[in-house]
Number of protein chains: 2
Amino acid sequence: MVEDETRLADALRRGLQAEGFAVDVAATGPAGLDAARHGGYDAMILDVMLPGLSGYELVRRLRAEQHWLPVLMLSAKDGEYDQADGLDCGADDYLTKPFSYVVLLARLRALLRRGAPERPAVLAVGDLRLDPARRRVTRADAEVALTAREFALLDYLMRRPGQVVSKIELLDHVWDASVETAPNAVEVYVGYLRRKLGRDRLETVRGAGYRLAT
Amino acid sequence: MVEDETRLADALRRGLQAEGFAVDVAATGPAGLDAARHGGYDAMILDVMLPGLSGYELVRRLRAEQHWLPVLMLSAKDGEYDQADGLDCGADDYLTKPFSYVVLLARLRALLRRGAPERPAVLAVGDLRLDPARRRVTRADAEVALTAREFALLDYLMRRPGQVVSKIELLDHVWDASVETAPNAVEVYVGYLRRKLGRDRLETVRGAGYRLAT
DNA sequence: GTCGGCGCTGTGAACGTGCTGAGGACGCCG
DNA sequence: CGGCGTCCTCAGCACGTTCACAGCGCCGAC
């Protein structure tokens, strides 16, 4: 919590601690910014009127530095544009003084509920990397251009590295099941991939299928 | 948006659409719940007093079903416990009627930001900058004039820089779900953006979608 | 060594996907 | 009512992708 009015800060700290929160209080803007940077907190309650650095500016700097800590802003200003400004600086919620303690608590809980979502994984086998979201494949950090079918095939194989995958299985999962496709198509596309990724990345297991070398 | 007062719903829908949001309106609780389940929306504006199913109950059911759609709750009740109840049912924000349109917009933006993996108030990719609050786009510090649809499309892409976004996903999030729009419309608007922002800012990934160059 | 079958690859045709200019529908404003 | 801007459909075009085909080489069995 960043709040310079000691009475209010004390009352809030006690209340929040009684609810089971671990609370630290900073009294100035710079102290608050510093704490937010290094403290590893789950959320921040932030007054707008602060000595040294305004709450608006504090959030703006935090966001500019790629810190995405949830911020609940507290202010005596209740003009609609003050509120909009605070939110547009990067705050996640905005409460005007005087506020109800019950409401503050509920809003804080709502804020904490929304944790930061995690990034989807990228598949890696040897020096091969495949990023499904970016739809990018690199081999030893060099980008490889793949067509849609090639990409889908490599994707499927990279999710089963070292396993033998039969042509039938590949036809079922990589090709559209509704159209009958000759197993030879798989051979053709394995050939394309070998040309683009290197000859020995895809091993042929005669009579059984293909295997991605680990 | 789930709102049974047609006058209010209409006014809001128009306002939001002018800002470039894709908006659908449901008039009853059950209809709203259904839309939230299947619509693939980015956020929901939800009235508390609804025929069929209250807003509280709607959120509670949604959360019970593991849907984490951001919800902004709208209510005529301004008691502190009403507000706390709404938030504790699973809503992410709570606004009491009468409310300021400017504040609603700012809170909606904050809510959408919160769902994203990164939450800058101003989006920046390369020398492109997009300010959702001011509805302005600059390229190398020169302002670029965009229509509402162009802006919404660029906004969506800039929130996922480097990621491939399919035409279907774009139709779902940038265009209204209520009207059936041909995927070709996306191609047309990508074309417009390329003309205004530079040819190579938007990459085509054949068979997959589009990607904003980082 | 011989034989049969599986897998590889070059060729080419059909197909799909994406881009663009033209233009109609619609709403807004004077 | 007319002018304007926006939105979106349509049709034509260009080009990359997909896959069947056929011939050949290689592998393993005997």
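Where does B:Pro98 lie? B:Pro98 lies in the loop between strand S3 (93–96) and helix H5 (101–115) of chain B, where helices (H or I, at least four residues) and strands (E, at least two) are DSSP runs numbered from the N terminus. The model is predicted, and local features need pLDDT of at least 70, side-chain atom pairs count only at pLDDT 80 or more, and totals for chains, interfaces and linings use all residues. Residues are numbered from 1 along each chain as its sequence is written, while chains are lettered from A and ligands numbered from 1 in the order in which they are written.

The peptide bond from B:Lys97 to B:Pro98 is cis, with omega near -5°. In chain A, the bond from A:Lys97 to A:Pro98 is cis, with omega near -5°. A:Pro98 is placed in the loop between strand S3 (93–96) and helix H5 (101–113) of chain A. Most peptide bonds are trans, and most residues other than glycine have a negative phi.

A:Ala140, which is not a glycine, has a positive phi of about 55°. A:Ala140 is found in the loop between strand S6 (136–139) and strand S7 (142–144) of chain A. A:Ala140 counts as exposed, with 10 C-beta neighbours inside 10 Å (buried means 20 or more other C-beta atoms within 10 Å of a residue's own, exposed 12 or fewer, and partly exposed in between, with C-beta atoms placed from the backbone). For B:Asp141, phi is positive, near 65°. The loop between strand S6 (136–139) and strand S7 (142–144) of chain B holds B:Asp141, which counts as exposed with 7 C-beta neighbours inside 10 Å.
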